[in-house]
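Please follow the strands of this model one after another, with the sequence and the structure side by side.

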Amino acid sequence: MRTATATAAAVTTTILGAGAAAVATAVAAGRYAADAALRPEPGRPLPGGPRLSVHSTAAGRVELTRSLASLRDGTYGLTAPGVHAVVGPVIADAPHGPDTVVRRLLAVTHGSLDPGTRVTLTPQVHLGNPRTALGLDHADVDIPGELGALPAWFVPAARDTWVITVHGLGATREHPMVVLPFLHRHRLPVLDVAYRGDLGAPASPDGLGHLGESEWRDLDAAIRYALRYGARRVVLHGWSAGAAMALRAVERSALSDRISGLVLDSPVLDWHATLRALVAARRTPAALLPFAVRAAEGRAGLRADHRAPGADPGALKVPILIFHGPDDALAPWEPARRLAAARPDLVTLHPVREAAHGAMWNADPAGYEEALRRFLTPLM
């Protein structure tokens, strides 16, 4: 990322001397920044998550730098290189300094939270696999995909409707584990999948992510796997770009008639806005931002004449539950509001206030799971 930033900064100076060479160089630098934004790096924090310092720890408590992020209500992971912990709500009456906040420390799952450690709040609460993190029996399975074997966790249960979970930007299949205990209590089998670009999965042919536009075919492979091994119907539960993949599967899969519902968390429905946020997060200078966004749209195959997922509300044919909120800085929620308004017969929007991208469960676990229960009950 430093190389891309240095290159872009140099080009910003160069472009001030107008001319064909300067424009060509700007376009090349824009493409470089676009590739950096689109290259998948699972586990890398997404834009909008500031680094916080650990000031102190005590029994069941951690004192962090005060910020909008550290003041958010809910349950989150706390991560740094070699460190992972889980924090709960803010403890309002705990003694603290004017620039700090104290949160409930629920667990330190890896490393140690020493004073001075620089950490980031993340929606990923669990580390490991369903057995080590949650005590749930599971099988490690390989799903035959068009590019090769896709690793997945299968958590068995009694029903013949399966839930297929698919993570989103900057995450891994550990992120969907936040809903596994709930789904298991309701006896729903779960297939938690990795897709192209993930650790252990094949790389995409160009090495870039496409915000679900090519990756949906790996989700289609997961549907085929589920139906082959006992599912009669499937519910797709996707986060971020994984939500876009779920919509694409309904629109394009030959097996769409076996999909009984969609759960979309922080769905990426406006490619331009999401790409702009990703490119800007790579510290792309403002002068280069239009070049980089245009290059990213071209590289990802998402040009303006390409229809985004859910662009035709009239084509929707299954019930959809959307978790989204106005504080999502990466995937604007206006398209989700428009989709819900256009199809109130099929689409339920569950707004979550003061929640970052992909962190709708984290902000309100109880409210999230109650909305999920009401939606899934008739589909079970």
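Strand 3 (residues 76-80) is largely enclosed by the rest of the structure, because four of its five residues are buried, where buried means under 20% relative accessible area with a 1.4 Å probe and protein chains only. Strands here are DSSP runs of E with at least two residues, numbered from the N terminus. This is a predicted model, in which local features need pLDDT of at least 70 and side-chain atom pairs count only at pLDDT 80 or more, while totals for chains, interfaces and linings use all residues. Residues are numbered from 1 along each chain as its sequence is written, and side-chain values use heavy atoms, with hydrogens and water left out.

Strand 3 pairs with strand 4 (residues 83-90) in the antiparallel sense over five bridges, two strands being counted as paired if DSSP finds at least two bridges between them. These two strands, strand 3 and strand 4, form a hairpin with two residues between them, and G82 in the turn has a positive phi of about 80°.

Strand 3 also runs antiparallel to strand 6 (residues 118-122), to which three bridges join it.

Strand 6 is itself mostly covered, with four of its five residues buried. Strand 1 (residues 52-58) is joined to strand 6 by two bridges, and these strands run antiparallel; within this pairing, S53 has R118 of strand 6 as its bridge partner.

Key
Buried < 20%, exposed > 50% of the residue type's maximum accessible area, 1.4 Å probe, protein only.
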